Amino acid sequence: MKKYISFVLVAILFTLTDCGGKQMDNTTTKNSSSSEVSTEDINSDKIGIKDEEHNILIAYFTAAENSDVDAVSSASVVVVNDVAKGCVRAVADMIQSEIGGDLFSIQTEFDYPGDIGELIDYAAGEQEREERPTLATHIENLEEYDIVFIGYPNWWYDMPMAMYTFFEEYDFSGKIIIPFNTHRGSRFSSTISTIQELEPEAIVIKDGFTYSGDDAANATSDVTKWINNIEIEKE
């Protein structure tokens with residue numbers, strides 16, 4: 001059963017994937033605060049994301065909300081303001097606090113292994129088999145949104161396979177997709193290009209937000225800076 005996290009067990013949270021301990025993307029994080037923020041000069045053909053009214057959806061996948069046991073035994077957990085939550089969810093909450101919008105948790109019918117070693121092995125096998133996990137949650141009103149932030153962890157230099165199911169289920173044509181993720185050293189890898197390939201008729205913002213899972217609880221100021229630098233094409 002998927003459960004929300006108990007703060008009582010915070011003491012052992014940091015042995016988990018995406019945020020600490022063993023890593024899904026198989027590299028070493030040298031900079032625990034590695035956000036990607038565009039610093040290009042303002043382009044007259046673009047406007048800031050805050051400059052107009054938008055209907056915003058913030059969709060995210062985190063192992064902490066897709067495990068077969070309490071998230072403290074699964075993965076991707078940090079503590080923000082005394083609340084334990086998945087790393088990607090932590091960043092999603094920061095985005096919502098900064099710009100508003102609705103949160104949507106991408107969840108699978110299959111519960112991922114809660115044990116860290118088993119989860120790492122399963123994620124690798126899932127990619128090798130090119131599986132498409134069946135989703136348990138579904139967006140019923142996608143047409144109402146014009147901007148969709150999409151968040152996920154980096155697992156073995158790629159998105160979790162559940163994200164492929166997600167993109168195959170929905171048509172994001174004409175919408176603006178803004179990626180964000182957490183990682184253990186590999187940042188986005190090639191996932192932004194993959195999203196553009198999966199959603200060729202969508203506008204995919206290249207300057208997404210990527211942050212070390214170890215330090216996700218401290219990403220607030222970097223999220224704010226990133227949001228303030230996002231630019232989209234004028235209509």
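Gly151 sits in strand β6 of this predicted model; strands are DSSP runs of E of at least two residues, helices are runs of H or I of at least four, and both are numbered from the N terminus. Gly151 has a relative accessible area of 0% and is therefore buried. Buried means under 20% relative accessible area, exposed means over 50%, and partly exposed lies in between (1.4 Å probe, protein chains only). Leaving out residues up to four places away in sequence, Gly151 touches Ala59, Tyr60, Phe61, Val88, Met163 and Phe180, where contact means heavy atoms within 4.5 Å. Gly151 and Met163 are 12 residues apart along the chain, and their C-alpha atoms are separated by 9.4 Å.

Residues are numbered from 1 along each chain as its sequence is written. In this predicted model local features need pLDDT of at least 70, side-chain atom pairs count only at pLDDT 80 or more, and totals for chains, interfaces and linings use all residues, while side-chain values use heavy atoms, with hydrogens and water left out.

**The chain as a whole**

The protein chain has five helices and 10 strands. Of its 235 residues, 55% count as buried. Among contacts with a separation of 6 or more, 82% are between residues 24 or more positions apart. The accessible surface comes to about 10500 Å², and carbon and sulfur atoms hold 45% of that area; the areas come from the Shrake-Rupley method with a 1.4 Å probe, and for residues only the protein chains shown count as cover.

**Nonpolar cores**

The largest nonpolar core has 32 residues. Such a core is a set of buried Ala, Val, Leu, Ile, Met, Phe, Trp, Tyr and Cys residues joined through side-chain atoms within 4.5 Å. Those with the most contacts inside this core are Ile106, Ile150, Met163, Phe166, Phe167, Phe172 and Ile177. Two or more residues come from each of β2 (56-60), α2, β6 (147-153), α3 (161-169) and α4 (191-198). Helix α3 gives the most, with six residues. A second, separate core of 25 residues includes Tyr60, Ala92, Phe149 and Phe180.

Ile150 is in contact with Ala59, Met163, Phe166, Phe167, Phe172, Ile177, Ile178, Pro179 and Phe180, neighbours within four places in sequence set aside.

Helix α3 is mostly covered, with seven of its nine residues buried. These are Met161, Ala162, Met163, Tyr164, Thr165, Phe166 and Phe167. In α4, the buried residues are Thr191, Ile192, Thr194 and Ile195. They fall within an arc of 155° seen down the axis of α4, so they line one face of the helix; the arc is that of the directions from the helix axis to the C-beta atoms.

Ile95 lies in helix α1 (residues 87-99) and is buried, with a relative accessible area of 0%. Apart from residues up to four places away in sequence, Ile95 touches Ile58, Gly100, Phe149, Phe180, Val223, Trp226 and Ile227. Ile95 and Thr224 are 129 residues apart in sequence, with a C-alpha to C-alpha distance of 7.8 Å.

Ser105 is found in strand β5 and counts as buried at 14% relative accessibility. With residues up to four places away again excluded, Ser105 touches Tyr60, Glu65 and Thr137. Its C-alpha is 8.5 Å from that of Ile58, 47 residues apart in sequence.

**Aromatic pairs**

A search of the whole structure finds 15 aromatic pairs. Rings of Phe, Tyr and Trp (its six-membered ring) pair if their centres lie within 6.5 Å; planes under 30 degrees apart count as stacked, over 60 as edge-to-face and the rest as tilted. The table gives two of these pairs.

| Pair | Centre to centre | Angle between planes | Class |
|---|---|---|---|
| Tyr112 and Tyr122 | 5.8 Å | 85° | edge-to-face |
| Phe209 and Tyr211 | 5.4 Å | 10° | stacked |

Tyr112 lies in the loop between β5 (102-105) and α2 (116-128), and Tyr122 in helix α2, so their pair ties together parts that are 10 residues apart in sequence. Tyr112 is buried at 1% relative accessibility, whereas Tyr122 is partly exposed at 23%. Phe209 is buried, with a relative accessible area of 0%, and Tyr211 is buried, also at 0%.

Phe61, Phe110, Tyr112, Tyr122 and Trp155 form one aromatic cluster. Arg129 lies over the face of Tyr122, 5.5 Å from the ring centre; a charge sits over a ring if NZ of Lys or CZ of Arg is within 6 Å of the ring centre and within 35 degrees of the ring normal.
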